[in-house]
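My notes follow in the order I took them.

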Amino acid sequence: MNEHFDLTVIGAGPGGYEAALEAARLGFHTALVEKDAIGGTCLNRGCIPTKTLIHSAECYEGIKHSARFGIQSQEPSVDMKAVQQHKAETIASLQTGIATRLKTAKVTVCQGIGSVVSDGLLVRVTAPDGTAFDLESDHILLATGSTPSIPPIPGSDLPGVMTSDELLSYDGAPFDSLLIIGGGVIGVECAGIWQALGTKVTILEALPSLIASLDRELGQSLKLSMKKKGADIHTGASVRSLAATENGIRCTYLEKGKEQTCAAQAVLIATGRRPYTEGLFSEGCAPATERGRILVNEFYETSIPGIYAIGDVTGQISLAHAATAQGLRAVRHMAGRESASAPLLIPSCVYTSPEIASVGLTLDEAKARSIVAKSHKILSSANGKSVLTLQERGFIKVVYEEDSHLILGAQLLCARATDMVSEFAVAIRQGLTMEDMADVIRPHPSFSEMITEAARL
Ligand code: FAD
Ligand code: AMP
């Protein structure tokens, strides 16, 4: 292929394919190179697979507890093959949607491994049959994502020890017990799924709290809620080794300076992800990196002029919508349309039960920036929709500037938190005050009435 492109994107995850679509919209002749399946980690091994499994687990729990709502049913059972079938159909349907959008936008999609082969902005594509061709471009966007990071724990290669890639494709009978190493977002979401399916779940987390990147109260409340449902959760517990036993795996970990052990039928290693750049650069063509992540400026330009990088490969925020937002900003900068460098406002969501969401500043973060701020917290126990659907107790906390009442951030732990957080994203983006938010008329009965209550001082 001797065509010249305005932009070649490497990696068709939510960062890469949305950036390619935006580039086409702006009139760029665009190529998109993908070595595997369209949709990247998010669609094939991440966001969508976890959420289909969560939905199946919620259906199971809903039927098990339906008598509380006056509906009698027989004891339900889990058919993991059918659960995986639903996941596969969901992915296929969304893949078709993306492929259609790319075709309509006239993006040239190339199947193969892309690598940057010269400073002259050339991408070599090695197709699955081993043949190679070059794409010459004015710009290159690297959007190659990330892969599970496995710490050097002895025994981590034993059968039955998995990363999220394998666990999300597991189609056998639910495990009797599952040990999860790492209590970050992926660890707790997988814990929620398997706990709902009846598996005895243990989480070992090295830091003092679960989901430690978010407000402390969210991690503490989640730990209490999961323990109440029977999970065994150890924070401040660092895993040392894994060993095979007759019917599973034994784990040795260090907690409060003491060596402890626990056992489970299977183990999930959820200790984070690392940027994926395997085979991406030929000799002498790599931009500056730091501990594997590609370094970029506020417009996502790397140290090589004309080469940009976005999403998980930059190791900044590992979220699909962050990768997309970064991709749009990078492409608009290439087109000379983006000059502002205001930080992106990215909501974080955790799809546990109850759901968790956060946007903007926590009170501690506001104080660390010397902002005179306060927070206002309400419980979900007086919300009609929460009571009638028998939701667990949750809360919404809003952080605002003391003088102006300008909204700075919000942390939510309640039903529909991952949808409701967007109201706070709009409020922060538009510079709304607590009074502005409280003035909005929200329908009754609805979970969103909690937002009105949280904003009313
Ligand atoms: P990816 O989605 O990783 O896409 C990169 C693509 O590049 C891949 O398709 C890969 O095959 C391709 N590629 C790599 N190298 C090459 C090469 N040399 N040539 C050609 N192609 C190449 N985020 C959320 O926002 N919400 C969630 O609910 C959520 N849940 C998650 C659950 C799990 C279990 C995991 C693992 C992640 C989850 N994430 C979630 C994170 C989200 O999936 C990532 O942040 C997002 O996919 C990053 O997008 P990306 O475009 O940077 O890269
Ligand atoms: P995240 O980076 O959000 O995906 O979360 C990964 C989590 O795994 C972090 O909270 C880490 O503290 C935790 N972690 C990493 N290594 C270990 C280990 N050896 N034992 C227990 N937890 C770990």
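**Conventions.** I am working with a predicted model, in which local features need pLDDT of at least 70 and side-chain atom pairs count only at pLDDT 80 or more, while totals for chains, interfaces and linings use all residues. Residues are numbered from 1 along each chain as its sequence is written, chains are lettered from A and ligands numbered from 1 in the order in which they are written, and side-chain values use heavy atoms, without hydrogens and water.

**Helices α3 and α4.** I took helices as DSSP runs (H or I, at least four residues), numbered from the N terminus. I looked up helix α3 (residues 47-64) against helix α4 (residues 80-104): their axes come within 9 Å and cross at roughly 135°. These axes are lines fitted to C-alpha atoms over the stretch in contact, with angles from 0 to 180 degrees between N-to-C directions. α3 and α4 are therefore oblique to each other.

Which residues meet here, counting heavy atoms within 4.5 Å as contact? From α3 I noted I48, P49, T52, L53 and S56, and from α4 V83, H86, K87, T90, I91 and L94. By class, the contact of α3 with α4 has six nonpolar, four polar and one charged residues. For the classes, Ala, Val, Leu, Ile, Met, Phe, Trp, Tyr, Cys and Pro are nonpolar, Asp, Glu, Lys and Arg charged, and the others, Gly among them, polar.

**Helices α1 and α4.** I then checked helix α1 (residues 14-25), whose axis comes within 9 Å of that of α4 and crosses it at roughly 30°. α1 and α4 are therefore roughly parallel to each other. Y17, E18, A20 and L21 of α1 meet I98, R101 and L102 of α4. I recorded five nonpolar, no polar and two charged residues in the contact of α1 with α4.

**Ligand 1.** I found 41 residues around ligand 1 (a heavy atom within 4 Å). E34, T41, K51, G114 and A320 come nearest. For polar contacts I used pairs of N or O atoms within 3.5 Å. An N or O atom in the side chain of E34 is 2.6 Å from an oxygen atom of ligand 1. A polar backbone atom of A320 is 2.8 Å from an oxygen atom of ligand 1.

**Ligand 2.** I found 14 residues around ligand 2, with G182, E205, A206, V239 and A270 coming nearest. The side chain of E205 has an N or O atom 2.6 Å from an oxygen atom of ligand 2.

Technical notes. Helices (H or I, at least four residues) and strands (E, at least two) are DSSP runs, numbered from the N terminus. Angles under 35 degrees count as roughly parallel, over 145 as roughly antiparallel, 65 to 115 as roughly perpendicular and the rest as oblique. Contact means heavy atoms within 4.5 Å. A polar contact is a pair of N or O atoms within 3.5 Å; within protein, one must be able to donate a hydrogen and the other to accept it, and residues adjacent in sequence count only if both atoms are side-chain atoms.
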